[in-house]
Amino acid sequence: MNKPKETRKQVKIGQERLAAVLGHKQHQFIGKPMPLIDGLEKTTGRGQYSADLRFPDALVGRILRSPHAHARIVSIDVSAAEAMPGVRAVITGEESDVPFGVLPLARYEYALARDKVRYKGESVAAVAAVDAWTAEKALDAIVVEYDPLPAYFDPFEAMAEGAETLHEKRERNIEREVDTEFGDVEAGFAASDVVLEDSFHAPEVTHAQMEPHAAVARWDSFYERLDIWCSTQVPYYVHMAVASVMKLDMSQIRLVKPMVGGGFGCKTEAMSYELVCGLLARKAKATVNVVLSREEVFLAHRGRPATWTKLKMGVTRDGRIQAVSAEVVQRGGAYGSYGIVTILYAGALLNAIYHIPNVRYHGLRVLTNTPANGAMRGHGTVDMRFAFECMMDMVAKKLGMDPVNIRRVNLLETPSMTINDLMVNSYGYPECIDKVVAASKFGEKRGKLPFGKGIGIAGSHYVSGAAKPVNRSNMPQATVTLKLDTDASITVFTGAAEIGQGSSTMVMQVAAEVIGLPPSRFRVVASDSAITPKDNGSYSSRVTLYVGNAAIQAAQRMRDLLYQAAARGLNVFPNDLELVGETFRVIADPEKTLAFNEAVELALEYEGTLITKGIYSPPKIAQGGANYRGAGVGASPAFSYSAQAVEVEVDVNTGHVAVKKVTVAHDCGFALNPLAVEGQVEGSVWMGMAQGRQEETQYENGLPLAPNLLDYRFPTIMESPDIETIIVESNESGGPFGAKEAGEGSLSSFLPAMANAIEDAIGVRVLDLPLSPENVHAAIEQARKAKAQAAAQAAGKTTAQAAGKTTAQATPEPIPTPKATR
């Protein structure tokens with residue numbers, strides 16, 4: 001295993017710097033449960049979301065959508081709509097000829113379709129009118145002539161020879177093909193005592209966030225400037241896209257992110273409705289409000305792609321993995337979105353949780369005539385982890401090995417670099433396993449519960465931020481500024497998007513801890529491009545580590561200025577002082593003190609308003625290798641780890657699976673706010689349970705069958721199991737006070753843990769998600785038929801032998817014996 005010489009030195013820098021600043025002091029404001037600073041607004045209804053913003057003169061924006069999954073646009077006649085009283089603007093694809101997309105390599109989507117539509121529900125035209133009724137009537141008045149084309153809703157049909165291409169330069173409708181091999185995979189299989197191969201399927205799922213997509217745009221004709229408020233996780237990326245599509249300089253745009261009522265990845269890129277809102281506002285020379293209906297939110301989508309996985313694993317008799325080969329096909333939808341990253345993540349993050357000496361990956365991201373898929377919580381890892389952790393149990397069973405032990409014998413030695421150049425420093429996965437096994441009493445229950453009841457275990461991991469930004473640049477990836485003025489309060493300015501994960505609370509806590517002042521002295525201003533510094537946004541669980549480190553640096557600099565001012569006032573050196581409560585005092589002479597407000601006065605007299613800045617970018621060693629295509633995807637300055645035990649009860653007559661108990665341990669490095677960490681981990685478990693039990697986006701001729709929160713199935717509080725959350729702190733030395741991600745890593749271990757529990761309960765392995773009554777019952781019936789067939793073959797063989805004959809037909813491996821007969 002390769003252990004880089006630089007690793008230990010690089011990752012200790014942050015902790016050494018903090019130790020020098022804080023000395024012997026115990027934590028005051030971190031490591032303790034703290035309510036989120038926006039919690040009151042959210043729970044009382046005082047919070048303002050994008051759809052809540054009210055402007056007296058605002059026009060209503062509505063979007064006309066394609067009824068065809070794939071068609072050429074022959075003509076669009078908007079004359080009747082434009083002539084209607086109360087209509088202030090009508091736009092089509094002719095309004096903007098600049099494509100957009102979150103990735104530079106996949107910018108071929110337009111705010112409104114030009115020349116062609118590629119999925120049912122694609123935006124074709126838009127209107128702004130004085131009220132919703134007029135806007136809807138104007139949409140009805142627009143006449144569009146289409147020339148239908150063949151449509152493909154299955155990726156294998158889309159790749160078939162002779163299939164119509166959705167986009168130029170995308171042969172066979174393949175958005176991205178990935179083909180990598182590290183080590184000698186065939187030699188690894190040859191050295192294995194057991195080699196298993198199987199196929200798994202995970203259907204498409206969507207985010208089902210509470211808040212619909214919404215934006216308000218205000219155009220100032222005199223100054224030719226645009227103000228836009230929108231529900232997004234990535235204000236900076238949306239700012240860039242709006243400027244590009246509208247052909248404006250970024251200085252002409254102010255972008256503000258109000259409260260966000262759930263994102264989970266669906267808001268990690270600019271969306272067409274945001275661009276349409278800006279275009280309508282400019283054409284109408286007014287303020288325009290666009291709020292999507294729930295069905296339109298489902299059409300905007302950007303969910304997790306349907307995934308077909310073929311996985312092969314080779315191990316020695318003691319369970320040590322020798323080689324892994326994975327083949328993945330993802331249905332990407334009509335546009336690129338994050339697709340290139342998603343298909344790369346699926347392969348890259350096979351690594352960094354277990355030691356795999358030889359690994360091969362082939363991935364295909366395929367374009368289809370369905371709404372585009374993008375980033376969703378656990379981006380790129382969930383479906384592959386389902387297959388991998390299921391196969392770990394399958395291999396363990398073949399070896400007669402405990403499923404916990406097969407994971408233990410394949411643990412990493414850290415710090416280290418994986419075979420594909422991912423740096424793994426802090427590694428709390430072994431402790432996660434131990435704590436989950438102990439808390440769930442896994443060893444006492446596995447294989448010993450009554451028939452129909454079972455327990456399963458699985459592990460997972462995730463990045464603490466993508467080491468390389470989506471839009472490549474040498475700028476810092478996170479910047480935080482602090483301001484202290486005559487009111488003696490400290491304002492923290494950050495571009496990081498607070499989306500419910502607690503990022504604003506985190507930066508306040510970190511700054512308070514470093515400076516030594518209570519949180520009541522702080523306020524946080526976030527995500528307003530006119531006043532906050534640029535930040536790449538809230539995606540890939542980057543905010544805690546990236547923005548937290550930037551906040552520490554800014555706070556250290558503010559602390560230095562305050563200590564210098566207090567030292568001048570007390571005629572001592574800064575190192576002679578300590579801050580107790582809101583009073584500076586001389587350590588050697590505690591009676592000699594200076595009030596904080598007096599120190600602020602002295603600091604302001606010396607240099608006026610105090611403004612400090614902190615920045616962060618990952619160290620080069622954490623940015624991935626440079627010797628293969630796609631090496632930057634998967635690389636991160638730290639990885640979180642999780643283990644989960646899931647207990648189920650299965651009704652073999654109906655296939656219904658009840659989840660009775662979940663025990664989850666998550667390695668977050670250090671819990672800056674244990675309350676927020678527990679909430680994030682439980683949220684991950686819930687989303688994993690939703691996908692594992694029942695979520696599925698199905699299409700009929702390109703239209704989603706359940707485009708609302710009534711028909712789209714996900715668990716409610718009535719189905720909530722008991723969730724026991726255990727926080728593991730491995731102390732990530734490159735993270736703020738040792739912290740790393742807490743919001744995504746626990747999602748993907750739920751699904752395989754549930755599948756492994758079902759197998760323990762009834763002896764049947766289910767390979768396809770969701771683990772719904774339909775799929776579980778089908779697997780039970782298939783197992784029954786296979787068992788009957790095996791029995792018939794065995795009986796036939798016995799008869800043939802009794803007759804002095806032999807047969808060349810091999811007897812298949814027997815179906816697992818139900819625990820009732822053990």
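R218 stands opposite T287 in β12. That pair belongs to a predicted model, in which local features need pLDDT of at least 70 and side-chain atom pairs count only at pLDDT 80 or more, while totals for chains, interfaces and linings use all residues. Residues are numbered from 1 along each chain as its sequence is written, and side-chain values use heavy atoms, leaving out hydrogens and water.

Let's look at the strands around that pair. β9 (residues 214–220) and β12 (residues 287–291) pair in the antiparallel sense over five bridges; two strands pair if DSSP finds at least two bridges between them. Helices (H or I, at least four residues) and strands (E, at least two) are DSSP runs, numbered from the N terminus. The open sheet has seven strands in the order β3-β5-β1-β12-β9-β10-β11, with mixed pairing. Because β3 (87–92) and β11 (253–256) stand at the edges with a single partner strand each, one side of each has no neighbour in the sheet.

Helix α4 (residues 132–141) packs on the sheet, touching β1, β3 and β5, and makes about 25° with β1. Contact means heavy atoms within 4.5 Å; axes are lines fitted to C-alpha atoms, for helices over the stretch in contact, with angles from 0 to 180 degrees between N-to-C directions.

Now to S489, in the loop between β19 (478–484) and β20 (490–494). Its side chain makes these polar contacts (N or O atom pairs within 3.5 Å; within protein, one able to donate a hydrogen and the other to accept it, and residues adjacent in sequence counting only if both atoms are side-chain atoms):

| Side-chain pair | Distance |
|---|---|
| S489 and D487 | 2.9 Å |
| S489 and R523 | 3.2 Å |
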